[in-house]
Amino acid sequence: MGGEDRVETGHAKKDKEEEEEEMMMTVERVFESKEVPSWRQQLTVRAFVVSFMLSILFSFIVMRLDLTTGIIPSLNVSAGLLGFFFIKTWTKVLEKSGMLQVPFTRQENTVIQTCVVASSGIAFSGGFGSYLFGMSKRIAIQSGSTPGADDYKDPSLSWIIGFLFVVSFLGLLAVVPLRKIMIIDFKLTYPSGTATAHLINSFHMPEGAKLAKKQVKALGKFFSFSFLWGFFQWFYTAADSCGFASFPTLGLKAFENRFYFDFSAMYVGVGMICPYIVNISLLLGGILSWGLMWPLIEKKAGDWYSADLKPSSMHGLQGYKVFISIAMILGDGLYNFCKVLRRTLFGLYHQIRDKNSLPRVVNGSPTESSQLSFDDQRRTSLFLKDQVPTSFAVGGYIVIAIISIITLPHIFHQLKWYHILVMYLAAPTLAFCNAYGCGLTDWSLASTYGKLAIFVIGAWAGASHGGVLAGLAACGVMMNIVSTASDLTQDFKTGYLTLASPRSMFVSQVIGTAMGCVISPCVFWLFYKAFKDLGLSTSAYPAPYASIYRSMAMLAVEGFSSLPKNCLALCYGFFAASIVVNAIRDYVPKKYSRFIPIPMAMAIPFYLGSYFAIDMCVGSLILFLWERMDKTKADAFGPAVASGLICGDGIWTLPSAILALAGVKPPICMKFLSRAANNRVDGFLNSS
């Protein structure tokens, strides 16, 4: 969770898991009279038409989040809800005209949700706000270096789409042979997948359908508000630092240090979805860095670093911001990697030791049915019915790996065939670890495995052979494999609980991934062409993780000699502090640990500032007050309201980008000045 890792909200609601599990126990009795469609019948044309439309919407949302802060909440609930709404509307129109032939089932709903999440997931794992954009000359210069010809590669639609198609499918094939072990034998929880299945099942019950209609109405209302609010704000942004996003709500001095509310409906919505402790951690990180550390270090200009450096130089204040942030992220990532690995190995040991006590399944029929509930018997039988052949998965992995080993060096000549071979030999093990760990904790460590690849391959290639670019490309290969692997196993869990065929889940994931490999690069290209300052620290889209990932690659290649004075000592301190704080969170009682901040979340505002954290805390405050007044209604409609705010503001990015490409500029600049600056402006205007 946190930072460039996608924020999964399932693990933050452990207290509800048992209650949800009890509700799920009798679900299949309700649906017993309904025939389960075959895997081919679950894959309908209308499902993929709706999936394509929603994929575009969610790709814009994820891309905007990725290019602004890198914090991406789980959008599974939004995808399931909107998929239900669109197909229900479609079928209702056909039913009234007498043309409805195939009813809308929960299995088809699951196919839509899987396809949309797979497609929009490429906007995250594709690295458009991290490793991929970090390869560009713009980010290289922003990072304070003068890149050689081998040290950068500017974005281009052709190579980005080709790269994603080559690397995005391996993770799917890597975990297919393990699906029975993960879901049936080990009975892993996959909290987000379980919560999504619970939501979809409830939609298709009589009472659940009524509630879903009300939720969609609330989502639509706040979608409209958020979209229109974005449109209204656009009129006041004729130049840089104009408009509501530059409103010094807490005073001009606070504004200079990135403390202000920027009126972003999207981040208010994100704050309503993210756990309270995440939002508080972000705010505390901003206060510690921009409120205390950076003003103190800035006073050391001329002593710790040259006072004549550009603000973007990594040898000055910017270096402290980036590398201390990296130290916290790596400390948090290393701790959680070791924690999940320990739990994975410990869980595997117990599963193997106790395997004789597990219910055995032979030819799709439980032989120890007395130990299984009716729901589990039905789900297990159907889950094992449609096998994805292991030979197909293994053969496909080998074929795509060979194609990748041949193709990738032509895209990145700094990345050699033997680098790729080593990664592909290690990838299935790492994909399994990530998928298993995600099943236990709901925590995908895709970006952590990506950072590991940066340091290993970057150092291996070396500075003289384009190690920076080789490390970033290797990060992309590894992130895509382990991210899609955990996503697919989450979807298998959702399918298991909704009686969707594993084969239809796999096909839907493949089609969604293919959609994402085209849609996400096109969406990024629109941002890249429309916003000329994309990636700059002063931009509305600073892409903070692009600079951070590039700095990691430079660190892997050049070592610590490039850091400014005392920066390494501070990095060591914050790296150790991240590990200690995480350990304290894990070992104190839960009633205390929920008040201890998360280091990964604290690290993000070290680079960006606190403006978005204030937005998210406003979202938390709204949800908190709503829960105090009417908890039942807040639980039912909070995610829908938050999704509406996120979707409306996110989709406004499309028309704003089109207006920018067309050269249409806003008519008004609303800017805020101090009294002294205003007097000087008035004096200048009067004198002229």
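Phe-263 is placed in the loop between H13 and H14, where helices (H or I, at least four residues) and strands (E, at least two) are DSSP runs numbered from the N terminus. This residue has a positive phi of about 60° although it is not a glycine, and with a relative accessible area of 22% Phe-263 is partly exposed; buried means under 20% relative accessible area, exposed over 50%, and partly exposed in between, with a 1.4 Å probe and protein chains only. The model is a predicted one, in which local features need pLDDT of at least 70 and side-chain atom pairs count only at pLDDT 80 or more, while totals for chains, interfaces and linings use all residues. Residues are numbered from 1 along each chain as its sequence is written, and side-chain values use heavy atoms, with hydrogens and water left out.

Asn-566 is found in the loop between helix H23 (544–558) and helix H24 (567–587), and its phi is near 65°, a positive value in a residue other than glycine. At 33% relative accessibility, Asn-566 counts as partly exposed.

We turn next to pairs of helices. Two packed helices are described by the angle between their axes and the distance between the axes. The axes of helix H14 (residues 265–273) and helix H28 (residues 631–661) come within 8 Å and cross at roughly 150°; here axes are lines fitted to C-alpha atoms, for helices over the stretch in contact, and angles run from 0 to 180 degrees between N-to-C directions. H14 and H28 are therefore roughly antiparallel to each other, since angles under 35 degrees count as roughly parallel, over 145 as roughly antiparallel, 65 to 115 as roughly perpendicular and the rest as oblique. H14 passes H28 in a left-handed crossing, a term used if the near helix is turned anticlockwise from the far one by less than a right angle, whereas clockwise gives a right-handed crossing. On the H14 side the contact (heavy atoms within 4.5 Å) includes Ala-265, Met-266 and Val-268, and on the H28 side it includes Gly-638, Val-641 and Asp-649. By class, the contact of H14 with H28 has 10 nonpolar, three polar and one charged residues, where Ala, Val, Leu, Ile, Met, Phe, Trp, Tyr, Cys and Pro count as nonpolar, Asp, Glu, Lys and Arg as charged, and the others, Gly among them, as polar.

Another pair is formed by helix H5 (residues 76–96) and helix H6 (residues 106–125), whose axes come within 9 Å and cross at roughly 130°. That angle makes H5 oblique to H6, and the crossing of H5 and H6 is right-handed. Among the residues in this contact are Ala-79, Gly-83 and Phe-84 of H5, together with Glu-108, Ile-112 and Val-116 of H6. Sorted by class, the contact of H5 with H6 has six nonpolar, five polar and one charged residues.

The cysteines come next. A disulfide is a covalent bond between the sulfur atoms of two cysteines, and it is counted here when a pair of cysteine sulfur atoms lies within 2.5 Å. A search of the whole structure finds one disulfide, which joins Cys-242 to Cys-669 with an S to S distance of 1.9 Å. Cys-242 lies in the loop between helix H12 (206–234) and helix H13 (252–256) and Cys-669 in the loop between H28 and helix H29 (675–687), so the pair ties together parts that are 427 residues apart in sequence. Cys-242 is buried, with a relative accessible area of 5%, whereas Cys-669 is partly exposed at 37%. Cys-274, by contrast, is in no disulfide, and the nearest cysteine sulfur, that of Cys-617, is 11 Å away. The sulfur of Cys-522 is 11 Å from the closest cysteine sulfur, in Cys-517, which is too far for a bond.

Cys-517 itself lies in helix H22 (residues 502–530) and counts as buried at 0% relative accessibility. Not counting residues up to four places away in sequence, Cys-517 touches Ile-122, Ile-161, Leu-164, Phe-165 and Ser-168. Thr-513 is also placed in helix H22, and at 1% relative accessibility Thr-513 counts as buried. With the neighbours up to four places away in sequence again left out, the residues that Thr-513 touches include Ile-122 and Ser-168.
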